[in-house]
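Trainee: I am new to this structure. Could you take me through its interfaces?

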Amino acid sequence: MSNENKGVDAEIVRKIARLSRLHVDEDRLAPLADELNGILSWIEMLGEVDVKGVEPMTSAVAIDAPLRADVVTDGGVRDKVLANAPKTEAGYFVVPRSVE
Amino acid sequence: MFTAERVADKKDWLTGNDGEWEVIIGLEIHAQVASKSKLFSGAATEYGAEPNTQVSLVDAAMPGMLPVVNEFCIEQAVRTGLGINAKINLFSRFDRKNYFYPDLPQGYQISQFEFPIVGEGEIEIEPEGSEAVMVGIERLHLEQDAGKSIHDLSPNETYVDLNRSGVCLMEIVSKPDMRTPEEASAYVEKIRSIVRALGTCNGDMEKGNLRADVNVSVRRPGGPLGTRCELKNINSMRFIRQAINYEARRQIDIVEAGGEVDQETRLFDNAKGETRTMRSKEDAHDYRYFPDPDLLPTKITQEYVDAIKATLPELPDARRARFVEEYGIPVYDAGILTADKAKGDFYERLVKGHDAKIAANWMMGDLFGALNKKSIDLDDSPVNSDALGGLLDLIADKTISGKIAKGVFEKMFAGEGSADEIVERDGLKQVTDMGAIEKMVQDVIDANADQAAKVADNPRLIGFFVGQVMKASQGKANPQAVNEILKKKLGL
Amino acid sequence: MSDLTQLTLEAALAGLKSKDFSSVEITKAHIEACEKGAKLNAFITTDYDNALKSAEASDARLAKGEGGNLEGAPLGMKDLFCTENVRTTAGSKILGDFKPQYESTISAQMKSDGMVMLGKLNLDEFAMGSANETSHFGSVINPWKAEDGIDLVPGGSSGGSATAVAANMCLGATATDTGGSIRQPASFTGTTGIKPTYGRCSRWGVVAFASSLDQAGPITRTVKDAAIMLQSMAGYDVKDSTSLNVAVPDFAAACDNGVKGLRIGIPKEYTMDGMPAEIETLWQQGIKWLQDAGAEIVNVSLPHTKYALPAYYIVAPAEASSNLARYDGMRYGNRVDGENLYDTYERSRAEGFGEEVRRRIMIGTYVLSAGYYDAYYLQAQKVRTRIAEDFNAAWEKCDALLTPTCPSAAFAVGRKIDDPVTMYLNDIFTVTANLAGLPAMSVPVSLDKDGLPLGLQIIGRALDEETVFAASAALEKAANFTAKPKKWWA
Ligand SMILES: [Mg+2]
Ligand SMILES: [Zn+2]
């Protein structure tokens with residue numbers, strides 16, 4: 001995998017910060033890139049492991065998803081749903097305008 | 001056949017400023033599973049509730065809340081998969097599709113990416129005025145719906161209702177196998193009729209039960225594929241056709257002017273009949289799909305699939321073929337009568353003990369006409385199949401004529417009673433007493449002696465006499481009997 | 001009456017049952033200890049009024065000869081468990097004054113078993129850290145000090161839980177463990193902690209860090225106490241799809257099973273460059289103790305051990321980056337208004353999350369993003385399979401493993417760490433059990449040359465907590481660790 005990672009630069013930090021919806025000041029981009037590269041270069045050692053024919057492990061339990069019956073057992077708790085909202089109106093969450 | 005290679009009929013090519021173009025169309029249909037509760041929570045899915053009243057803490061993505069899969073939704077996906085002749089995957093898995101939007105509480109949509117529950121399939125469509133076309137299905141997967149953002153309650157803010165958040169959708173992805181707007185709408189109509197027949201989705205497009213994302217690109221006939229645009233969330237057949245027409249023209253104009261089509265998501269504006277760009281460019285798309293660690297893989301068995309298969313109802317195509325075969329009605333009639341389950345069921349109840357063609361005509365003509373005029377669903381028809389059957393009985397045993405029956409039907413539709421009651425009440429019984437008819441005929445001949453004298457030279461005059469006799473009987477004389485007696489008496 | 005805060009949970013429950021003292025009395029004693037220990041910063045939120053009300057209710061039940069498994073016992077709750085109408089912060093600023101309208105399954109079970117909840121315990125922000133220095137509510141201070149008297153960290157992320165138990169501010173505390181967050185602070189504070197099998201305890205209502213690794217467990221002062229608490233915490237929950245539908249065994253009874261005939265594996269890979277010699281010595285001592293108690297010692301190999309930590313630092317941030325997307329200031333928590341929606345998201349999250357959390361979200365986003373998924377995330381999950389296979393091979397030869405819990409004792413608060421990786425190395429011996437989903441327990445066994453506690457770890461087969469308790473109890477008995485921190489804070 002070392003051939004995959006050409007290292008993180010300020011531009012990549014900008015991109016992942018945007019995807020993560022995290023504001024990063026311009027002058028923090030380069031130092032953050034250095035930090036992430038430090039961590040990633042340590043992680044690189046994973047590439048040494050021979051994983052040919054190995055299934056990825058997505059869960060620590062080897063059972064199937066349990067299924068529930070199609071019954072209405074929940075909802076009708078608007079007060080609870082809205083209790084912690086920064087802003088509500090007429091039973092709605094109110095958020096900054098999401099279209100121009 | 002992999003139909004991406006199919007070149008549209010010449011008549012369907014679009015002419016630009018410098019040559020011909022063909023349109024390549026693929027569809028993603030989102031069909032809401034007809035479940036009582038949501039895909040991952042026990043909140044209700046009923047349409048039209050007060051905002052945020054059908055929201056569980058799971059749907060609102062409160063900290064620490066976890067999803068649990070609704071068994072019914074898995075079953076409906078399998079049923080639908082079988083209905084579109086598709087491969088059912090015994091191993092499927094839910095993944096997270098990560099993006100931020102205020103009506104997406106978790107910050108990700110739980111969907112199926114790598115391992116959908118249904119794989120490839122195909123269906124046949126019959127666009128109006130063209131030959132049947134096979135359309136490939138790429139996959140069907142389950143996913144949760146987002147909430148609803150309302151922008152017109154405040155000028156500076158958006159109001160969010162999470163009632164739809166977590167409602168179960170089946171996303172049915174077609175291959176890019178369609179070449180005309182009519183094929184696209186016929187495809188949606190076919191999927192709609194299948195899911196309705198299966199009962200897996202109500203298919204009510206106005207309520208958003210079934211919506212389509214349409215992928216459109218243009219190319220020179222048979223040439224390499226162009227860049228496609230995705231037209232989001234279109235909820236009527238007419239808009240689908242309009243949107244494709246507009247979008248194809250827009251793309252042709254761009255390319256012919258030497259430009260390039262941007263691959264993007266566009267919105268169809270119903271009012272203006274236009275498509276416009278939906279997301280700003282800076283909004284990078286990178287959904288970072290990965291297996292949802294809160295959910296384990298869904299494993300089903302072949303026995304489970306077979307058991308569902310055994311309960312599948314007859315699908316529209318098969319039913320249409322059977323109607324033609326069993327009842328001997330024309331393919332066209334059979335197509336209309338099997339377009340949805342309710343019509344087919346009505347017809348099959350009606351046809352018992354009645355003439356198949358007459359039953360079909362009455363349904364497609366008077367009944368559908370009256371329902372259409374009043375915008376009433378067949379299920380809510382004031383005249384049910386038994387009642388209509390009663391009317392057909394009166395025609396069959398010659399109690400009334402077909403013509404009288406039309407008036408009786410109108411009264412039945414207006415709620416005035418059964419056919420029997422109306423005929424009795426209004427004294428509409430056909431006169432079949434030969435003596436009485438003979439007397440009426442004789443009276444008419446006597447009153448029109450000069451006309452009677454001319455009949456020998458001009459046999460068409462008999463129509464005049466039939467009319468007069470029917471008028472005298474207020475339409476109740478059996479027209480066949482009138483005819484025969486007239487012929488005899490006038491010496492024809 | 002002797003100091004009620006010095007009792008074990010086991011002894012306290014017995015005393016309550018036989019009415020040697022009331023729940024109100026023992027609760028008041030602990031409230032006093034909490035107030036005196038305020039400078040340790042173990043609690044984010046205290047809830048003494050409700051604690052006393054619960055204590056009165058417990059006394060009423062005890063008077064009638066009723067009561068559950070934890071009846072009347074004052075305990076602490078890590079502030080990662082959502083508690084109805086009691087502020088829950090996850091150690092973060094972003095949740096603001098969030099008051100859950102629901103009770104986590106675990107805390108609900110403990111309440112119905114009679115727990116008296118004293119309050120919500122401090123932790124690393126969203127459980128991300130190994131020193132409890134990433135909490136928005138300030139660092140927790142370890143009750144233990146070395147000769148130099150410098151403040152030490154209690155470990156993380158369950159540092160508040162470990163400190164509260166070590167400083168006798170509660171009889172036991174809930175904790176969670178994603179990469180070692182129960183066992184490492186237990187080791188740093190001379191307490192006992194078990195991370196049960198993944199799926200043993202419900203995750204419903206516990207703020208998620210990395211869903212496929214997170215598992216709750218107790219921190220207590222004895223192995224038996226841990227067994228008693230876990231008894232109430234464990235159990236199948238239909239609301240958690242990854243919860244295991246299996247019977248919960250009698251953990252306390254298992255503590256008395258002994259190790260005679262048990263095969264204890266010693267994985268040769270659990271030593272590390274630069275590890276203090278005394279940890280190696282301690283490990284050898286532990287081997288001898290278990291051998292003397294009748295266990296058979298076998299050497300085993302877990303060849304992929306060194307890859308566990310880098311795999312963890314892909315899987316955990318990846319899951320976290322997605323789990324933490326819901327903290328967006330739209331439905332709850334802090335919203336920082338920006339110029340537009342996008343700006344509001346970015347500012348709410350940048351100001352709401354601390355540095356380490358932001359760093360891990362960014363790493364997680366990166367390793368999942370287009371072009372890197374296969375090289376990082378998929379590779380890490382395959383390595384995870386390899387690590388699980390290592391353990392499966394080991395179980396052919398042995399019934400449990402004995403390892404050090406941590407490569408060092410507690411270190412100084414504010415120790416400048418330029419390289420996050422150095423901090424991550426704290427989890428090197430604990431993280432393998434999370435990746436494989438196995439139960440693992442840390443038991444305090446001795447003090448190092450500076451007088452700071454050190455722990456040893458027992459790792460067991462999936463769902464075999466009974467063997468883990470048996471071996472841990474044997475270790476505890478042999479070590480006879482009775483040292484206590486000097487009560488400098490009171
Ligand atoms: Mg789509
Ligand atoms: Zn979709």
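Trainee: How many residues of chain B are in contact with chain C?
Mentor: This is a predicted model, where local features need pLDDT of at least 70, side-chain atom pairs count only at pLDDT 80 or more, and totals for chains, interfaces and linings use all residues. Residues are numbered from 1 along each chain as its sequence is written, chains are lettered from A and ligands numbered from 1 in the order in which they are written, and side-chain values use heavy atoms, with hydrogens and water left out. Contact means heavy atoms within 4.5 Å. Chain C brings 37 residues, and they meet a chain B side of 29 residues.

Trainee: What area do chain B and chain C bury between them?
Mentor: Buried area is the accessible area (1.4 Å probe) that two parts lose on being put together, summed over both. Carbon and sulfur atoms hold 59% of it here. The total for chain B and chain C is about 2,800 Å².

Trainee: Which residue of chain C forms a salt bridge with B:Asp294?
Mentor: A salt bridge is a side-chain nitrogen of Lys or Arg within 4 Å of a carboxyl oxygen of Asp or Glu. The rule finds one across this interface of chain B and chain C. The closest N and O atoms are 3.1 Å apart, and the partner of B:Asp294 is C:Arg203.

Trainee: Which helix of chain C packs on the sheet of chain B?
Mentor: Strands (E, at least two residues) and helices (H or I, at least four) are DSSP runs, numbered from the N terminus. Two strands pair if DSSP finds at least two bridges between them. The open sheet has three strands in the order 6-5-16, paired antiparallel, with strand 6 (108-111) and strand 16 (290-291) at the edges. Strand 5, strand 6 and strand 16 of chain B are all touched by helix 10 of chain C.

Trainee: What area is buried between chain C and chain A?
Mentor: The contact takes 63 residues from chain C and 55 residues from chain A. Carbon and sulfur atoms give 69% of the buried area. That area is about 5,200 Å².

Trainee: Which helix gives the largest share of the side of chain C that touches chain A?
Mentor: Across that interface the rule finds two salt bridges. One of the bridges joins C:Lys306 and A:Glu48 (3.8 Å, N to O). Several elements of chain C give two or more residues, including helix 10 (308-323) and helix 12 (355-368). The largest share, twelve residues, comes from helix 13 of chain C.

Note on methods
Axes are lines fitted to C-alpha atoms, for helices over the stretch in contact, and angles run from 0 to 180 degrees between N-to-C directions.
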